[in-house]
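Please take a moment to look over the sequence and the model before reading on. The paragraphs below go from the whole chain to its parts, and then to single residues.

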Amino acid sequence: MNGTEGETTGDERVDAAMARLGELEATPPAEHPAIFQDVHRRLQDALTGIDGEPS
């Protein structure tokens, strides 16, 4: 599938974002952009908070 099954990054925010990619197979292609946008937003939020917040 997406290569993330069973793998963790050690950051709960990143892991939650990557888990959304697991929804792609069961989701119609028309809904994929919304999932990718959500994953992108979550990863940006995690990166923005990397200097000031513990993971």
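What percentage of the 55 residues in the protein is made up of buried residues? The model, which is a predicted one, gives 24% as the share of buried residues. The protein exposes about 4100 Å², and carbon and sulfur atoms supply 55% of that area.

The secondary structure consists of two helices and zero strands. Helix α1 covers residues 12-20 and helix α2 covers residues 32-48, with Gly22 found in the loop between them. Of the contacts in the protein with a separation of 6 or more, 39% are accounted for by residues 24 or more positions apart.

How do the two helices lie against each other? Two packed helices are described by the angle between their axes and the distance between the axes. Here α1 and α2 pack at an angle of about 170 degrees, and their axes are 9 Å apart. Because angles over 145 degrees count as roughly antiparallel, α1 is roughly antiparallel to α2. On the side of α1, the contact is made by Arg13, Val14, Ala16, Ala17 and Arg20, while α2 contributes Ile35, Asp38, Val39, Arg42, Leu43 and Ala46. Sorted by kind, the residues of this contact divide into seven nonpolar and four charged, with no polar residue.

The next topic is the nonpolar core. In soluble globular proteins, nonpolar side chains tend to be buried together. In this model the largest nonpolar core has five residues in all, namely Ala17, Leu21, Leu24, Ile35 and Val39. Val39, a member of this core, touches Ala17, Arg20 and Leu21 when residues up to four places away in sequence are not counted.

Two single residues complete the tour. Leaving aside neighbours within four places in sequence, Ala46 is in contact with Arg13 and Val14, both of which belong to the α1 side of the helix contact. Ala46 and Ala17 are 29 residues apart in sequence, and their C-alpha atoms are 9.4 Å apart in space.

Gly22, in the loop between α1 and α2, has a relative accessible area of 30% and is therefore partly exposed, as this value falls between the limits of 20% for buried and 50% for exposed. From Gly22 to Ile35 there are 13 residues of separation in sequence and 9.9 Å in space, C-alpha to C-alpha.

Methods. Residues numbered from 1 in each chain as written. Predicted model: local features only at pLDDT ≥ 70, side-chain atom pairs only at ≥ 80, totals over all residues. Heavy atoms only, no water. Helix = DSSP H or I, 4+ residues; strand = E, 2+ residues; numbered from the N terminus. Buried < 20%, exposed > 50% of the residue type's maximum accessible area, 1.4 Å probe, protein only. Contact = heavy atoms within 4.5 Å. Areas by Shrake-Rupley, 256 points an atom, 1.4 Å probe, with all protein chains shown as cover. Core = buried A, V, L, I, M, F, W, Y, C linked by side-chain atoms within 4.5 Å. Axes fitted to C-alpha atoms, helices over the stretch in contact; angles between N-to-C directions. Parallel < 35°, antiparallel > 145°, perpendicular 65-115°, else oblique. Nonpolar A, V, L, I, M, F, W, Y, C, P; charged D, E, K, R; others polar.
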